[in-house]
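Please keep the sequence and the three-dimensional view open while reading.

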Amino acid sequence: MFSERAFFSFVDLAPESSHRAYNEWHQLDHRPENLLLDGVAWGDRWARTDRCAQVGSASGGPDRATEEFAGTDYVAMYWFRPPYEESVAEWTALGEASHQWGRGPRLSGVRRPLTAFFTPVKGYVAPRVLVSPDALPFRPNRGLHLTLTRFADHHGAAAHDHFARQDRVTIPELLELDGVAGAWTFSFLGSQRHPTLGLNDPSDHAPGELRIRLLYLDGDPVETGTAIDSHLGDEGADGVAEVLLSTPLSTIIPWQDW
């Protein structure tokens, strides 16, 4: 595994906020400075467009977002290289330096319902995809399908059986769908607590309580996302895992999608 530490940020822009200004800042300033750091292996960001947000609910399917995450507009993530404490410290210091430069990351109109570190659990690739799971994040994609779940008893027998089914049945079946290139799963490690900027995750979760499944898409995110949702059905119906957000996300093309 090329990295054992990842960071996710879920972003909700206030209605009056300028998406273009936010995209210009993130893609032309914030992300390049982060990718320059020795400790950052890779980082990217995807948009939950109106079309993405309508997948599932538009066809009468189950609610795919709780109130907390219903307004999510973007999801960003970074993968870190070891030694992780040093890499994260360097990345955190850049946040403070950027503030002193007057270049973010504290921006008006931005709400972050979840900013947290996760431990990568396992990577997968579809049989047709020739790269390894470690190379999958670097492979160009058209978007993701993201599912964020919460477990009331994350170390119980029911959660264990859920993880086994995901690994041996659900994800292998999803990899057979047209447009799904691969997958990674992640387990919640801890909330972000920035020492100077107050960029602190508002939630309070125990390690392992949250789980993220990312499906990497090389098909159209909305069309592929619709097929994924149809295959999954009401994934949280067993009561083991509460689905907080399940949605396709679209890769952002600079200038074109701003």
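**Terms and basis**

Helices (H or I, at least four residues) and strands (E, at least two) are taken here as DSSP runs, numbered from the N terminus. The model is a predicted one, in which local features need pLDDT of at least 70 and side-chain atom pairs count only at pLDDT 80 or more, while totals for chains, interfaces and linings use all residues. Residues are numbered from 1 along each chain as its sequence is written, and side-chain values use heavy atoms, with hydrogens and water left out.

**The barrel**

A barrel is closed by 8 strands, which follow one another in the order β1-β3-β2-β8-β5-β7-β6-β4 with antiparallel pairing; two strands are said to pair if DSSP finds at least two bridges between them. Averaged over this sheet, and with direction ignored, neighbouring strands are turned by 35 degrees against each other; axes are lines fitted to C-alpha atoms, for helices over the stretch in contact, and angles run from 0 to 180 degrees between N-to-C directions.

Strand β1 (residues 6-13) runs antiparallel to β4 (residues 110-125), the two being joined by 7 bridges, and Phe10 has Leu114 as its bridge partner in β4. Strand β2 is linked to β3 by 7 bridges in the antiparallel sense, with Phe80 of β3 as the bridge partner of Val40. Between β2 and β8, also antiparallel, there are 2 bridges, and here Ala47 has Ser250 of β8 as its partner. Because 7 of the 8 residues of β2 are buried, this strand is largely enclosed by the rest of the structure; buried means under 20% relative accessible area, exposed over 50%, and partly exposed in between (1.4 Å probe, protein chains only).

**Strand β7 and its partners**

Strand β7 (residues 210-217) is mostly covered, with 8 of its 8 residues buried. Leu210, Ile212, Leu214 and Tyr216 point one way from this strand, whereas Arg211, Arg213, Leu215 and Leu217 point the other way, and all are buried. The antiparallel pairing of β7 with β5 (residues 143-151) extends over 8 bridges, and within it Leu148 stands opposite Ile212. With β6 (residues 180-191), β7 forms 7 bridges, again in the antiparallel sense, and Val180 stands opposite Leu217.

Glu209 is in the loop between β6 and β7 and, with a relative accessible area of 16%, is buried. Its C-alpha lies 6.3 Å from that of Phe188, although the two residues are 21 apart in sequence. Beyond its neighbours within four places in sequence, Glu209 is in contact (heavy atoms within 4.5 Å) with Thr149, Arg150, Phe151, His154, Phe188 and Asp204.

**Helices on the sheet**

Helix α1 (residues 19-35) lies across β1, β2 (40-47), β3 (74-80) and β4, and runs at about 170 degrees to β2. Helix α3 (residues 84-100) also packs on the sheet, where it touches β1, β2, β3 and β4, and its direction makes about 135 degrees with that of β3.

**Aromatic rings and charges**

The structure holds 20 aromatic pairs; rings of Phe, Tyr and Trp (its six-membered ring) pair if their centres lie within 6.5 Å, and planes under 30 degrees apart count as stacked, over 60 as edge-to-face and the rest as tilted. One aromatic cluster is formed by Phe2, Phe8, Trp42, Trp79, Phe118, Phe138, Trp184, Phe186 and Phe188.

Arg31 lies over the face of Trp42, at 5.2 Å from the ring centre, and the charged end of Arg211 sits over the ring of Phe163, 3.9 Å from its centre. A charge is taken to sit over a ring if NZ of Lys or CZ of Arg is within 6 Å of the ring centre and within 35 degrees of the ring normal.

**Backbone details**

The peptide bond from Pro82 to Pro83 is cis, with omega near 0 degrees, and Pro83 lies in the loop between β3 and α3. Another cis peptide bond joins Gly104 and Pro105, with omega about 5 degrees; Pro105 is placed in the loop between α3 and β4. Trp255, in the segment after β8 (241-251), has a positive phi of about 70 degrees although it is not a glycine, and at 54% relative accessibility Trp255 counts as exposed.
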